[in-house]
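Subject: Structure handover

Hi,

Here is the structure I promised you. Please open it alongside these notes.

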Amino acid sequence: MSIISAKKLAYEYIRRDKDGAVDGIVRALDDIDLDIKQGDFVAILGHNGSGKSTLAKHMNAILYPSEGTIWVDGKNSLEPENMWDIRKTTGMVFQNPDNQIIGTVVEEDVAFGPENIGIPSKEIWERVEESLKIVGMYAYRTHAPGKLSGGQKQRVAIAGVVAMHPKCIVLDEPTAMLDPIGRKEVIRAVRALNDVENITVILITHYMEEVIYANKVYVMDAGKVVMEGTPREVFSHTDELESIRLSVPQTTKLADELRKAGVPMPKGILSPEEFAEALCRLSSTM
Amino acid sequence: MSLIINHVSYYYNKNTAMEIKALDDVSFKIEDGEFLALIGQTGCGKSTLVQHLNGLLKPHEGAIYFNGENIADKDFDLHTYRGKVGLVFQYPEHQLFEEDVFTDVCFGPKNLGLPQSEVELRAYEALKQVGIADEYFYQSPFDLSGGEKRRVAIAGVLAMKPEVLILDEPTAGLDPKGRDDLLHLIRNLHDKNGITVILVTHSMDDVAAFADRILVMNAGQLVFDDEPRNVFANEEYLNRIGLSVPEVTRIMHLLYQKGLPVRQDAITIEEGLQACLEILR
């Protein structure tokens, strides 16, 4: 069943100069068709300014289409009475963890969301406990968020969204400001949400290595979806990706180079482990 | 130019129960024209060290010598020194504030007390160096894209004509092409203008492709000071202190473990390619 689908979705905004006169119209999203199923792990790739975040904001009824339609859990975002349902269906996590945390104690911060939608307090505490366990932050429930690392803060922010019991979570470059360890922690937590809790995950990123866990990848350029498929399919198009300011993981690139040098490496290799196995097989047959 | 860091230690909350040793007996020397990378997990003391190099913090033990002079001395001219050792903070575009791009870049040299004509000349040259076209000069810096804003912010430091340029994670948040462009720009500044570069980064692939020498920090101590190739030979130790090796090096190590006689010191794609081709021939 589709959780998010879009048909000919377009979004335009008017750019003004400093005197307020209309300077031009920017088509930030252009004819986008999407079909995301319940339980999917979807990655959206694209360079800075390609329209990824604009698209994400449509999934949560923060922005509304100028043309076309987006349905979230079957509800059209253009109908005003659907707004609250859509926002409950889709939770958002943003780039900067410092902008998303408001509580002075971790568990209070996570409780803020469910409290706001009028959940009875006994259930709030159950939800807080459960959410913190999912992201691996239960041991820190009484800590002050300000003293946590970036990766830990971001996981608290994710727990805050999980506590709202959304069917779908959109993460807009959640690891862009984190160090490698923080990035790993966050990605591990996100995968757990998807694998264990069966929450639909939409991960927006430009770290290619984070995309390999997704079961579907959309690649955006200039407001359009220009490629879609499994990570393996998408990353077998190195040249196209590079032409739109993206790249492929280093491992995939090395396999590409070997292929260019005449070594029959399989296409779309994603991890160092896969690479090593493929090369071992080749060297034993040569 | 020479910069000597001699047995430097620094404590936060010194002489209290909360005392933390942020730098622990760190010593190294930076030569003219080097391209250095400084790596380490968050909290390892990198930023504390960088703030020492720029004279924002003073060591509790040890000393830092710039061209033979102790920068903590009372009569040392820190004002001029900070123009010579330029520091580009993380997300430097957050510090843009002037009405237009050109005025923003003028801010640094103006503070050095230079005559207006010299200030403007330097701002012009710096903007050219980072590849900002003339038509942007009188636009608001806030109308530029993320990558452009960052280049303007870097121009603001370049306009002070630094001999040493320290950049704290200059590529954070940029897309792959933006990262690549910026690193090539830095490489160019280093090669053409002879600026000494210290790159603080989390990206091992960038280190492998650009730096001549790596300083690795862990828990306030300098644990490696060597060529990238030699440092990346210690994969297990690096993992233990929260760091990794470039993906290419990881592949070489995996191949070796599987019994293939591959050269393990490859760190870039080109070297990895050669190493793989050698064993297949």
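Predicted model: local features only at pLDDT ≥ 70, side-chain atom pairs only at ≥ 80, totals over all residues.

Residues are numbered from 1 along each chain as its sequence is written, chains are lettered from A and ligands numbered from 1 in the order in which they are written, and side-chain values use heavy atoms, without hydrogens and water.

The helix

Helix H6 of chain A covers residues 180-195. Its 16 residues span 22 Å from first C-alpha to last, close to the 22 Å expected at 1.5 Å a residue. (Helices are DSSP runs of H or I, at least four residues; strands are E, at least two. The expected span is 1.5 Å times one less than the number of residues.)

Buried residues (under 20% relative accessible area, 1.4 Å probe, protein chains only) in H6(A) include A:Val186, A:Ile187, A:Val190 and A:Leu193. The buried residues of H6(A) pack against elements of chain A including strand E3 (41-46) and helix H4 (121-134), with contact meaning heavy atoms within 4.5 Å.

The interface

Chain B gives 30 residues to the contact and chain A gives 32. About 2900 Å² is buried between them, 68% from carbon and sulfur atoms. (Buried area is the accessible area, 1.4 Å probe, that two parts lose on being put together, summed over both.) In chain B, B:Glu247, B:Ile269 and B:Leu280 lose the most area to chain A, together 21% of what that side buries.

Two salt bridges link the chains. A:Glu273 and B:Arg250 form one salt bridge, at 3.2 Å, N to O. (The cut-off: a side-chain nitrogen of Lys or Arg within 4 Å of a carboxyl oxygen of Asp or Glu.)

Best wishes

Terms used:
Buried < 20%, exposed > 50% of the residue type's maximum accessible area, 1.4 Å probe, protein only.
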